[in-house]
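I am keeping these notes while I look through one structure, entry by entry. I begin with charged side chains, and then I turn to strands, cores and helices.

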Amino acid sequence: MKVYKYRSIEDDVFKRDFKTLSENCFFTPNYSNLNDPFDIYFNEEISQFISLLKTLFPYQELDNFESQFKEVLDFKEEIGVYCLSKDFLNEQLWAYYAASYSGYCIEYDLEKLIDKGQNFDFQYKFEIDYKDNIPTLGIDDLTNLQDGFIKKMFATKKSTWKHEEEIRIIFDKYGMKKFHPSSITGIYFGIKTPEIIKESFYGLYKDMDVKFYEVFPSNFKLDFKLINETKRKLKYDLNKFNYKVLKHSNNTIHESFHIFYNSSTEELQLQEFIKAFREKFCIKENTLHIYNNKEVKDILDIYPKNDEEHIKLCESLITDVYSDDEKIIYYPLKDSKYDEILKNK
């Protein structure tokens, strides 16, 4: 998913932001620095319920629970909040946050931006819930923390802000966060953005895969066009291979790709494909599962597999390669179980 951050170009702001971007970082402010005074604004009925319980059951455990709950409410001063939008052609956002079309808008790959391998303290991703009633935290919300308690606290805003189509990402601590360079996929310039600003970004991303666009009014709405593109200098040519990513999974330190491959399986060719794919897509330790049949996608998440599914998987998996290893072991799942199933068919 692509998300967008609008920025202005006042001297002090631009110099600070440009330096931060050059270091592959972004800044997450805390509650006090958000621009909406009604942000992270809520009522809660839980304290009243705890007080009632303490009256009925005067146990030390309830005092501890009350203290811990107050710490949770005060936590809003510690968290980092990064506010983004789903829309790069929003007239109001260009006017408010991008200095009336003289600023710029950054396009991020959201999944890379929230990769816990870059920031272990990333916790939540929300689409803002817009409503005019003050959210109230109740007992029921404690049983549904992310979509109840946490969302009401940190991801509810008045409907007057609905036009922003905000995506909000939450970190345990406010401050500077890292991102992988490939997280930035595009920069949009306003119709009034000075050429010197554009040239600064062309230079910054000269060795990365970034597209640059200009946003302009057309037929009483905003439109955009590609004005420049920078490319990484890659050692291998992935375009010579016919392939499709069937599934990508990612955790803090490792990622896995399941790939349908429809080119030569000769060892040197397959090794070159593996090197080219890793160079293009992989950003951490990884495993590549390479198949000769794209229909295998339908059974990847089936556990346990029946005999027919097992045979299909065994005959489809050309090879598995781990981390930086390019050694090819062909059809590694064709083992004794595979032989036994075929024998009994």
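**Entry 1: salt bridges**

I looked up the charged groups and found that Lys-157, Glu-164, Glu-166 and Arg-168 are linked in a network of salt bridges, where a salt bridge is a side-chain nitrogen of Lys or Arg within 4 Å of a carboxyl oxygen of Asp or Glu. I note that this is a predicted model, in which local features need pLDDT of at least 70 and side-chain atom pairs count only at pLDDT 80 or more, while totals for chains, interfaces and linings use all residues. Residues are numbered from 1 along each chain as its sequence is written, and side-chain values use heavy atoms, with hydrogens and water left out.

The structure holds 22 salt bridges, and I followed some of them by name. Lys-2 and Glu-107 meet through their side chains in a salt bridge of 3.8 Å, N to O. Because Lys-2 belongs to strand β1 and Glu-107 to strand β5, this pair ties together parts that are 105 residues apart in sequence; helices (H or I, at least four residues) and strands (E, at least two) are DSSP runs, numbered from the N terminus. I then checked accessibility, where buried means under 20% relative accessible area, exposed over 50%, and partly exposed in between (1.4 Å probe, protein chains only). Lys-2 is partly exposed, with a relative accessible area of 37%, whereas Glu-107 counts as buried at 6% relative accessibility.

Another salt bridge joins the side chains of Arg-16 and Asp-17 (3.2 Å, N to O). Here Arg-16 counts as partly exposed at 48% relative accessibility, and Asp-17 counts as buried at 10%. I also listed the salt bridge between Lys-231 and Glu-229, at 3.2 Å, N to O, in which Glu-229 is partly exposed at 32% relative accessibility.

**Entry 2: strand β5**

How many residues of β5 are buried? Six of the six are, so β5 is largely enclosed by the rest of the structure. Looking at the side chains, I saw that Tyr-104, Ile-106 and Tyr-108 point one way from the strand, while Cys-105, Glu-107 and Asp-109 point the other way.

Next I looked for the partners of β5, bearing in mind that two strands pair if DSSP finds at least two bridges between them. Strand β1 (residues 2-7) pairs with β5 in the antiparallel sense over six bridges, and Lys-5 has Ile-106 in β5 as its bridge partner. With β12, β5 pairs in the antiparallel sense over five bridges, and there Cys-105 stands opposite Tyr-188.

**Entry 3: nonpolar cores**

A nonpolar core is a set of buried Ala, Val, Leu, Ile, Met, Phe, Trp, Tyr and Cys residues joined through side-chain atoms within 4.5 Å. The largest one has 28 residues, and those touching the most other members are Leu-21, Tyr-104, Tyr-108, Ile-169, Ile-187, Phe-201 and Tyr-205. Among the elements that each supply at least two residues of this core are α1 (11-22), β5 (104-109), β12 (184-189) and α7 (195-204). Apart from it lies another core, of 16 residues, including Phe-257, Ile-259, Leu-270 and Val-321.

**Entry 4: helix α9 and Glu-309**

I went on to helix α9 (residues 307-316), whose buried residues are Glu-309, His-310, Ile-311, Leu-313, Cys-314 and Ser-316. The cover over these buried residues includes β17 (285-291), β18 (317-322) and α10 (336-344), and it is counted by contact, meaning heavy atoms within 4.5 Å.

Which side chain of opposite charge is nearest to Glu-309? It is Lys-305, 6.7 Å away, and Glu-309 is buried yet has no salt bridge; for charge, Lys and Arg count as positive and Asp and Glu as negative, while His and the chain ends are not counted. Not counting residues up to four places away in sequence, Glu-309 touches Ile-299, Ile-302 and Pro-304.

**Entry 5: Glu-279 and the whole chain**

Glu-279 lies in helix α8 (residues 267-281) and counts as partly exposed at 24% relative accessibility. Leaving out residues up to four places away in sequence, Glu-279 touches Arg-232, Leu-234, Lys-235 and Tyr-236.

To finish, I noted that the chain has ten helices and 18 strands, and that buried residues make up 43% of its 345 residues.
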